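Good morning, everyone. Please have the sequence and the picture open.

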Amino acid sequence: GQYNHMIDRSRVYLTGMSMGGHGTWTMASAYPLMFAAIAPICGGFHPRSPRFLKDVPIWNFHGEKDSVVPVSESLRMMDAMKRAGAIEARSTIYKDADHDAWTRTYDNDDLYTWFLE
């Protein structure tokens, strides 16, 4: 756990894909002060309380042709975040991608640069 290791608590990031994308939204909503930023990938979430996440930088990723988790799940959450006044809520929708949006996302150095800003 974090008590046995030297962890910079200001640099804890959360990301997950598919069901892990759902988990990213859920975990960050439950513990918004724990994460410096989140990057859910092709996950959905019901935006019941987006205000809890409005101070957490978010970069959301999804494939437009996703046949497992509809892209509308991400679009709905990002819209809720913007309405809640999120400090940073950006989204990348891959026009030609199905459910595997994570390969391109995790291969993108810009994600890691963004995490470390």
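Does R104 count as buried or partly exposed? The relative accessibility of R104 is 39%, so R104 counts as partly exposed. To reach that label, recall that buried means under 20% and exposed means over 50%, with partly exposed in between. Please keep in mind throughout that this is a predicted model.

Where does R104 sit? R104 belongs to helix α3, which covers residues 102-106. Setting aside residues up to four places away in sequence, R104 touches Y94, D96 and A97. Take Y94 from that list: Y94 and R104 are 10 residues apart in sequence, and their C-alpha atoms are 8.9 Å apart in space.

Now take A97, another of the residues that R104 touches. A97 is in the loop that runs between β4, residues 89-94, and α3. Is A97 buried or exposed? A97 has a relative accessibility of 5%, so A97 counts as buried. Beyond its neighbours within four places in sequence, A97 is in contact with G63, E64, K65, D66 and R104. For a distance in that direction, consider F61: A97 and F61 are 36 residues apart along the chain, and 11 Å separates their C-alpha atoms.

Let me step back to the whole chain. The protein has 4 helices and 4 strands. In which order do the elements run from the N terminus? The order is β-α-β-β-α-β-α-α. Along the principal axes, the C-alpha trace spans about 40 × 30 × 25 Å.

A few totals next. What share of the 117 residues counts as buried? The figure is 40%. The protein exposes about 6700 Å², and 56% of that comes from carbon and sulfur atoms. Of the contacts between residues at least 6 apart in sequence, 60% join residues at least 24 apart.

Now the strands. Strand β1 covers residues 13-17. In general, the side chains of a regular strand alternate between the two faces of the sheet. In β1, L14 and G16 make up the covered face, while Y13, T15 and M17 make up the uncovered one.

What does β1 pair with? Strand β2, residues 37-41, pairs with β1 in the parallel sense, over 5 bridges. One of the positions you can check on the screen is G16, whose bridge partner in β2 is P40.

How many of the residues of β2 are buried? The count is 5 of the 5, so β2 is largely enclosed by the rest of the structure. From β2, A37, A39 and I41 point one way, I38 and P40 point the other way, and all are buried. Compare that with β1, which has an uncovered face.

Two loop residues deserve a look at their backbone angles. S18, in the loop between β1 and α1, has a phi near 60°, which is a positive value in a residue other than glycine. C42 lies in the loop between β2 and β3, where β3 is residues 58-63. C42 also has a positive phi, of about 40°, although C42 is not a glycine. Is C42 buried or exposed? At 0% relative accessibility, C42 counts as buried.

Helix α1, residues 19-30, contains S29. S29 has a relative accessible area of 14%, so S29 is buried. What does S29 contact, leaving aside its neighbours within four places in sequence? The residues are F45, F52 and L53.

Last, the end of the chain. L116 is in the segment after α4, and α4 is residues 109-115. Apart from neighbours within four places in sequence, L116 is in contact with R11 and Y13. Y13 is also on the uncovered face of β1. L116 and A30 are 86 residues apart in sequence, and 23 Å apart in space from C-alpha to C-alpha.

That is the tour. I will take questions now.

Conventions: Residues are numbered from 1 along each chain as its sequence is written. This is a predicted model: local features need pLDDT of at least 70, side-chain atom pairs count only at pLDDT 80 or more; totals for chains, interfaces and linings use all residues. Side-chain values use heavy atoms; hydrogens and water are left out. Buried means under 20% relative accessible area, exposed over 50%, partly exposed in between (1.4 Å probe, protein chains only). Contact means heavy atoms within 4.5 Å. Accessible areas come from the Shrake-Rupley method with a 1.4 Å probe; for residues, only the protein chains shown count as cover. Two strands pair if DSSP finds at least two bridges between them.
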